[in-house]
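Please keep the structure in view while reading.

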Amino acid sequence: MEKNTQADQVINYVYIHVPFCLRKCSYCSFFSVNFSREASSRFVKYLIKEINLFKQKYNIKPKTIYFGGGTPSLLTSEQINLIISQFDIVETEEITLECNPVNIDNKFADSLKTTIINRISLGAQSFMDKELKVLGRLHNAEKIEDSYKILRNHGYTNISLDLIYGLPDQTKKDVEFSLNKIMQLDPEHISTYCLSLEKDVPLFSKITYIPSDEKIAEFYHLIRYKLISAGFDHYEISNFGKSGFESRHNLCYWKDEFYLGFGPSAAGYLNNYYPEPFGTTQDRVSRRINDEENITYRYNNPANIEEYYKMLDKNEIIANKTILNNDDHEKEYIFLGLRKTIGIDLGEFKNIFNTDFMDKYDHVINKFRNLLDIEKDKIKLKPEAYFISDEIFSEFM
Ligand code: SF4
């Protein structure tokens with residue numbers, strides 16, 4: 001059989017990291033640098049070069065495009081249109097722009113309507129001003145509500161809000177307050193995050209007290225209970241969506257799909273070769289086992305803007321590759337698959353990895369039997385296991 005080349009590969013998922021912020025929030029470890037119009041123009045020029053270098057190697061037909069950051073809402077609509085125009089968007093269903101409430105006014109929203117962005121992820125984080133201040137956010141709670149209403153008035157019907165919990169000195173009442181505010185706004189999707197600090201972020205050295213694990217678990221279960229009662233589907237450990245509004249882009253990560261990441265610090269997941277039409281995971285894995293050239297890997301662009309530019313000046317892409325052997329892939333498949341509340345399909349697992357999940361992992365299953373739901377062809381976490389999922393995942397590793 002004649003081998004296909006990388007140019008035959010169809011990549012359906014695209015992430016774009018926009019590496020600018022107006023000011024660094026005190027808890028944030030995402031890569032970003034100070035914003036200026038000049039810096040952003042330079043970035044877009046290089047980003048387009050990166051996209052076109054990839055296009056020489058891969059057939060990119062995005063079903064989803066996700067502008068994350070950083071602060072993608074610092075881009076102008078002309079820049080957003082120019083970036084989107086680099087792709088074949090005939091089959092694109094979802095284009096998300098992460099927005100900082102501080103950037104949203106009527107002028108911004110009028111201008112955004114000239115783009116085909118159809119999903120907004122609004123970085124609310126909390127509806128308590130004292131918490132927003134601790135987090136170093138540039139907006140207050142009133143500004144979140146204003147921004148949300150502006151976006152709604154401009155016809156955006158797929159809006160996600162972020163909520164952080166586990167903040168210093170936070171009480172259950174505080175979490176409930178923000179949750180109630182969110183539910184009054186009635187977004188289509190909510191992503192929740194438990195505050196977790198890297199040692200080098202300013203908030204790390206400032207905090208004196210964070211809620212205990214028991215308290216944080218209580219917050220998590222409160223969030224889950226209230227959002228499910230309000231009609232949200234809890235489709236992934238940290239994510240809730242109304243029916244039909246699950247994040248299609250983020251699902252690609254948990255479903256083990258290949259994706260490209262553009263921009264400094266962006267990550268991608270690729271395979272050197274697999275057949276057309278777009279292969280199933282099983283095709284990809286069996287080919288990887290049988291073909292030494294068939295390598296699956298993750299890559300990371302430099303988390304340094306000048307290094308990123310230097311890489312592209314040399315017409316290079318894909319700086320740091322981590323090759324996944326079959327065992328690595330199997331662990332990732334389990335870890336990511338069990339994050340979905342529908343769990344892992346045992347038949348698919350057997351087809352892909354040529355091994356029986358229940359036999360191979362019986363020691364883990366026995367240890368956590370009362371936290372796992374095992375049906376004929378599925379295994380999933382019970383809701384009471386979601387909060388301690390990391391502990392369970394580590395046993396599979
Ligand atoms: S949380 Fe968002 S806005 Fe704040 S510094 Fe990080 S990327 Fe920038």
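The points below go from the whole chain to single strands and residues.

1. Basis. This is a predicted model, in which local features need pLDDT of at least 70 and side-chain atom pairs count only at pLDDT 80 or more, while totals for chains, interfaces and linings use all residues. Residues are numbered from 1 along each chain as its sequence is written, and side-chain values use heavy atoms, leaving out hydrogens and water.

2. Elements. The protein chain holds 17 helices and 17 strands. These are DSSP runs, numbered from the N terminus: helices are H or I with at least four residues, strands are E with at least two.

3. Overall form. The C-alpha trace spans about 60 × 55 × 40 Å along its principal axes.

4. Of the 397 residues, 55% are buried (under 20% relative accessible area, 1.4 Å probe, protein chains only). Among contacts with a separation of 6 or more, 74% join residues 24 or more positions apart. Contact means heavy atoms within 4.5 Å.

5. Strand S1. How many residues of strand S1 (residues 10-18) are buried? Nine of the nine are, so S1 is largely enclosed by the rest of the structure. S1 pairs in the parallel sense with strand S4 (residues 59-69) over eight bridges. Pairing requires that DSSP finds at least two bridges between two strands. Val10 stands opposite Asn59 in S4. S1 also pairs in the parallel sense with strand S11 (residues 260-262), over three bridges. There, Ile16 has Phe262 as its bridge partner.

6. A three-stranded sheet. This open sheet has the order S15-S17-S16, with antiparallel pairing. Strands S15 (344-345) and S16 (372-374) stand at the edges with a single partner strand each, so one side of each has no neighbour in the sheet. S16 and strand S17 (residues 378-381) pair over three antiparallel bridges. Leu372 stands opposite Leu381 in S17.

7. Ile352. This residue lies in helix H13 (residues 346-353). Ile352 counts as buried because its relative accessibility is 4%. Its C-alpha atom is 8.8 Å from that of Glu330, 22 residues apart along the chain.

Conventions
Buried < 20%, exposed > 50% of the residue type's maximum accessible area, 1.4 Å probe, protein only.
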